[in-house]
Amino acid sequence: MDLSYPLATVSPTLDAGVLQVIASTTSGCTAAELHRRLGRGSDEGVRKVLGRLVRQGVVLSDSTTRYPVYSLNRDHVAAAYIEALARVRVEIIQRIGAEIDGWQISPLHAGLFGSFARGLADSDSDIDVLLVRPSLDGRGRQVTEELWLEQIDRLGRRILSWTGNDAQIIDLTHATLLQMDRDGDPLVESWRADGIPVHGGRLVDVLRGSR
């Protein structure tokens, strides 16, 4: 799935990106602004798509301003489905969180990072997940370790099933994470800056006291 423009799942053309941008705004935008936000296609191509969508009634054009302002026609019978697809990224985040919430062994922290977290992922991108595992010491450690790894494997399979994209899961002990932070590993800074928490404590709280 194109994780930046999930509407491409059903419309693998420039139309998908244009609808994605329009469905994500309530105030409307000009063709030039839409093209800038979209970051793909040509200005002429975007305008042709807008013209076609206006003729279909899916998009409204307000020509009372200097430059026409385009917005989604939310009264159109297709609007609800367009908006639902536009929110797929949010749905993916919620599903991953709900899956981890149901684990028998909960991580200290689970978060998303990388291109998906930054909203830049496409159909070739992995969905990157950071897991900070709790202490698995004590009696029955081997059984606990096996259960923990089973949970991770199931999460990876479900992410692939939900999206068609592979999951890249980083599984760290708390001690390893703290050592990486003390060593100034740039990965930790990227997790701190771009990460989307989905379960457990915030990464900054998990790292607190590590320096």
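## The buried face of helix α3

In helix α3 of this predicted model, the buried residues, meaning those under 20% relative accessible area with a 1.4 Å probe and protein chains only, are Gly45, Val46, Val49, Leu50 and Leu53. Seen down the axis of α3, these buried residues fall within an arc of 135 degrees, taken from the directions from the helix axis to the C-beta atoms, so they line one face of the helix. An α-helix has 3.6 residues a turn, so residues three or four places apart point the same way. On the other side of α3, Glu44, Lys48 and Arg55 are exposed, a word that stands for over 50% relative accessible area, while partly exposed covers what lies in between.

Helix α3 runs over residues 43–55, and at 1.5 Å a residue its 13 residues should span 18 Å, which agrees with the 19 Å between its end C-alpha atoms; the expected span is 1.5 Å times one less than the number of residues. Just after α3, glycine 57 takes a positive phi of about 85 degrees.

## What α3 packs against

The buried residues of α3 pack against α1 (14–23), α2 (31–38), β2 (59–62) and β3 (69–72), where contact means heavy atoms within 4.5 Å. Helices (H or I, at least four residues) and strands (E, at least two) are DSSP runs, numbered from the N terminus.

The axes of α1 and α3 are 10 Å apart and the two helices pack at an angle of about 75 degrees, with axes fitted as lines to C-alpha atoms, for helices over the stretch in contact, and angles running from 0 to 180 degrees between N-to-C directions. That angle makes α1 roughly perpendicular to α3, since this label covers 65 to 115 degrees, whereas under 35 counts as roughly parallel, over 145 as roughly antiparallel and the rest as oblique. On the α1 side the contact is made by Leu14, Asp15, Val18, Leu19 and Ile22, and on the α3 side by Gly45, Val46, Val49, Leu50, Arg52 and Leu53. By class, this contact of α1 with α3 has eight nonpolar, one polar and two charged residues; Ala, Val, Leu, Ile, Met, Phe, Trp, Tyr, Cys and Pro count as nonpolar, Asp, Glu, Lys and Arg as charged, and the others, Gly among them, as polar.

Valine 69 lies in strand β3, and its C-alpha atom is separated by 4.6 Å from that of threonine 30, 39 residues apart along the chain. Not counting residues up to four places away in sequence, valine 69 touches Ser27, Gly28, Cys29, Thr30, Leu60, Ser61 and Asp62.

Glycine 39 is found in the loop between α2 and α3, where it is exposed, with a relative accessible area of 65%.

## Helices α8 and α9

Helix α8 (residues 174–182) and helix α9 (residues 186–194) have axes that come within 7 Å and cross at roughly 105 degrees, which makes α8 roughly perpendicular to α9. Leu177, Met180 and Asp181 of α8 meet Leu187, Val188, Trp191 and Arg192 of α9 in this contact.

## The chain as a whole

The protein chain has 10 helices and seven strands, and buried residues make up 41% of its 211 residues.

Residues are numbered from 1 along each chain as its sequence is written, and side-chain values use heavy atoms, leaving out hydrogens and water. As this is a predicted model, local features need pLDDT of at least 70 and side-chain atom pairs count only at pLDDT 80 or more, while totals for chains, interfaces and linings use all residues.
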